[in-house]
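Grab a pencil and work through the exercises below. Try each task yourself before you read its solution.

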Amino acid sequence: MEGNLNLTLKIWRQKNASVAGKFETYQVSGISTDMSFLEMIDVLNNRLIEEGDDPVAFDHDCREGICGMCSMYINGRPHGPNRGVTTCQLHMRSFQDGETITVEPWRASAFPVIKDLVVNRSAFDRIIAAGGFVSINTGNAQDANSLPIPKEDADDAFAAAACIGCGACVAACKNASAMLFTSAKISQLALLPQGKVEASKRAEAMVAQMDEEGFGACSNTGACEAECPKGISLENIARMNREYFSATFSSK
Amino acid sequence: MSWLTKSLNSSLGKKLLMAITGLFLISFLLVHCSLNALIFLNDGGVAFNEGAEFMAHNPVIRTMEIVLFAGLLLHIVDGLRLWFENKSKRPVAYAKVDGAANSKWYSRSMGLLGTLLLLFLILHLKHFWYFSRLTDGLEDHTLFAEMQAVFMNPVVVVVYVLGCISLGYHLLHGFQSAFQSIGWNHPKYSPTIKTIGAIFSIVIPAAFAAMPIAFYFHLIH
């Protein structure tokens, strides 16, 4: 069809975590520019299945940009060339006919490859489990206007809570650091009165778990913020630093 | 005190240490540059030599010299530690990385820039610190005369200018990054910190670079 794309795909294939992977090259043709990147992979996979080959394994769930599953490192960037989107919201109109596209999994020792483009991100779950919750009794739901939360704080907390845990920050960071993720999860609670009670314990536990999982330190390059599909701000990392160091001196 | 060492050994703590030592080294650069800039008075090095004499004999300054070396060593050791640790966090490298799309090259190259600075610093310390503190060369001629002599070598001048360029880029990222690591990111202050950092990173290395150049081209007598 007129205007459709013919592309060369260099995709990382890896059977499981214990064997080395390598790139395989595939040709796809007649790709509509209205397809999402995942639909393009679906087209390739349909063909691979028809030919009796193993389809490319990749994570996906909602396909509407909110679940954070579609972890693909496309042409040297998490979620491809566009800012503020996940792979499912990346459309083929962002590519040129005849282009070669390199697709890799997130690469970090804390995110081992399960298969092909699927990585194990349960390290994030363990960081949350270490302290990303409120366990004090906050009572019944109050009348909205009686909550002692300034609008600005509520907005900042909500902006931090927009993190979908996709791992693009880790993938983008030259140190495979999880600070943007961890700081967002610390901030969304530290900004609110219900979360303040356990703030210092939370900051210490979550940072300790983050280090334990084998994520790197922060070089403040800002790559994570630039590649975050939800626009999580570096201000959260500064807040985490404040929370952590004040906890160092004040926690019991 | 195990709570303190635990905190300082965390990924955040190591960055805090980089930031504090980095800011301390920045304060040293300001003093060093201001004093050296006395050569631009073009008074045959009279004011500069007086300044150098004061620095060499003032007990507070001599004590701070030890603190300075300790701070520098901490910055280097902590930096190398972070560099090696961070490198190990991605055992399989990406085949294709488009770093320019999301960050500045010098922010991703602090380890490299720091290593270049360290190599320059070894040469620089040999030229002037070793000369003035560990030899009796000063009995022979002044520090100003030594600068004149050292900067007659064009290779040395080029190495010094390259050292200053490395310093400029190292500071351009490091200055504002230090405040972020400390946790000082605030809409009221951060734009000012970034502006001051950018000015500092250009003015100080440029002033330093002008010194060997000025001597080499006999602009200072």
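Buried area is the accessible area, taken with a 1.4 Å probe, that two parts lose on being put together, summed over both. Keep in mind that you're looking at a predicted model.

**Exercise 1. Describe the fold of chain B.**

Step 1: Count the elements. Chain B has 10 helices and 0 strands.

Step 2: Write them in sequence order. You get α-α-α-α-α-α-α-α-α-α.

Step 3: The C-alpha trace of chain B spans about 55 × 45 × 40 Å along its principal axes.

**Exercise 2. Work out how helices α9 and α10 of chain B are oriented to each other.**

Step 1: Find the two helices. In chain B, α9 covers residues 154–182 and α10 covers residues 190–216.

Step 2: Look at the geometry. These two helices pack at an angle of about 170°, and their axes are 8 Å apart.

Step 3: Apply the cut-off. Angles over 145 degrees count as roughly antiparallel, so α9(B) and α10(B) are roughly antiparallel to each other.

Step 4: Sort the residues of this contact. Between α9(B) and α10(B) you'll find 20 nonpolar, 4 polar and 1 charged.

**Exercise 3. Characterise the interface between chain B and chain A.**

Step 1: Start with the residues. On the chain B side 35 residues are in contact, and they meet 47 residues of chain A.

Step 2: Turn to the area. About 3400 Å² is buried between the two chains, and carbon and sulfur atoms give 54% of it.

Step 3: Leu12(B), Lys89(B) and Tyr94(B) supply 20% of the area that chain B buries against chain A, more than any other three residues.

Step 4: Check the interactions. Between chain B and chain A there are 0 salt bridges, but 26 residue pairs are in polar contact, both partners at pLDDT 80 or more.

Step 5: Locate the touching side of chain B. At least two residues each come from α1 (2–8), α2 (11–36), α4 (59–88), α5 (105–108) and α9 of chain B.

Step 6: Classify that side. Its residues divide into 13 nonpolar, 15 polar and 7 charged.

Definitions and conventions:
Residues are numbered from 1 along each chain as its sequence is written. Chains are lettered from A and ligands numbered from 1 in the order in which they are written. This is a predicted model: local features need pLDDT of at least 70, side-chain atom pairs count only at pLDDT 80 or more; totals for chains, interfaces and linings use all residues. Side-chain values use heavy atoms; hydrogens and water are left out. Axes are lines fitted to C-alpha atoms, for helices over the stretch in contact, and angles run from 0 to 180 degrees between N-to-C directions. Helices (H or I, at least four residues) and strands (E, at least two) are DSSP runs, numbered from the N terminus. Angles under 35 degrees count as roughly parallel, over 145 as roughly antiparallel, 65 to 115 as roughly perpendicular and the rest as oblique. Ala, Val, Leu, Ile, Met, Phe, Trp, Tyr, Cys and Pro count as nonpolar, Asp, Glu, Lys and Arg as charged, and the others, Gly among them, as polar. Contact means heavy atoms within 4.5 Å. A salt bridge is a side-chain nitrogen of Lys or Arg within 4 Å of a carboxyl oxygen of Asp or Glu. A polar contact is a pair of N or O atoms within 3.5 Å; within protein, one must be able to donate a hydrogen and the other to accept it, and residues adjacent in sequence count only if both atoms are side-chain atoms.
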